[in-house]
Amino acid sequence: MSSINWADPLWELAARFAINTVAMVLLMFGMYYRRYRDKELATTASMFNIFAFSVLTILSSVEFSIAAGFGLFAILALFSLRSEQISKGLTQITSSNTS
């Protein structure tokens with residue numbers, strides 16, 4: 001019978017994703033949603049959190065230059081400049097993550 005190898009990178013990724021998800025649920029739905037009752041922004045911020053976790057996990061596994069980092073920062077800054085009034089909450093979250 002084979003045993004589970006806990007040192008496997010997939011288990012580490014699963015553990016990090018679980019910690020991220022628990023923290024997101026506690027912050028977004030435990031604190032933010034209970035106070036403001038804004039389902040749309042809570043769901044949008046949760047999806048952004050999962051997207052940011054995925055992108056940053058991929059970027060941390062490859063060699064990344066400073067020029068690419070500045071390019072990513074510029075793209076995120078453009079999101080905050082070109083946003084509509086409805087999605088302003090997401091762009092505020094994005095700009096606070098890049099600062």
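The model is predicted: local features need pLDDT of at least 70, side-chain atom pairs count only at pLDDT 80 or more, and totals for chains, interfaces and linings use all residues. Residues are numbered from 1 along each chain, and side-chain values use heavy atoms, leaving out hydrogens and water.

**Aromatic pairs**
- The whole structure holds two aromatic pairs (ring centres of Phe, Tyr or Trp, its six-membered ring, within 6.5 Å; planes under 30 degrees apart are stacked, over 60 edge-to-face, the rest tilted).
- F17 and F53 have ring centres 5.5 Å apart and planes at 55°, so this pair is tilted.
- F17 lies in helix α1 and F53 in helix α2 (residues 39-60), so the pair ties together parts 36 residues apart in sequence. Helices are DSSP runs (H or I, at least four residues), numbered from the N terminus.
- F53 is buried at 17% relative accessible area, while F17 is partly exposed at 35% (buried is under 20%, exposed over 50%, partly exposed in between; 1.4 Å probe, protein chains only).
- Y32 and Y36 also form a tilted pair, with 5.0 Å between centres and 40° between planes.
- Both Y32 and Y36 sit in helix α1, four residues apart, about one turn of the helix.
- Y32 is partly exposed, at 21% relative accessibility.

**Nonpolar surface patch**
- I4, W6 and W11 form a nonpolar patch with about 370 Å² of accessible area together (members have over 30% relative accessible area and no salt bridge; nonpolar side chains are joined within 5 Å, like charges within 9 Å). A salt bridge puts a Lys or Arg side-chain nitrogen within 4 Å of an Asp or Glu carboxyl oxygen. Areas come from the Shrake-Rupley method with a 1.4 Å probe.
- W11 belongs to helix α1 (residues 9-36).
- W11 is partly exposed, at 39%.

Definitions and conventions
Helix = DSSP H or I, 4+ residues; strand = E, 2+ residues; numbered from the N terminus.
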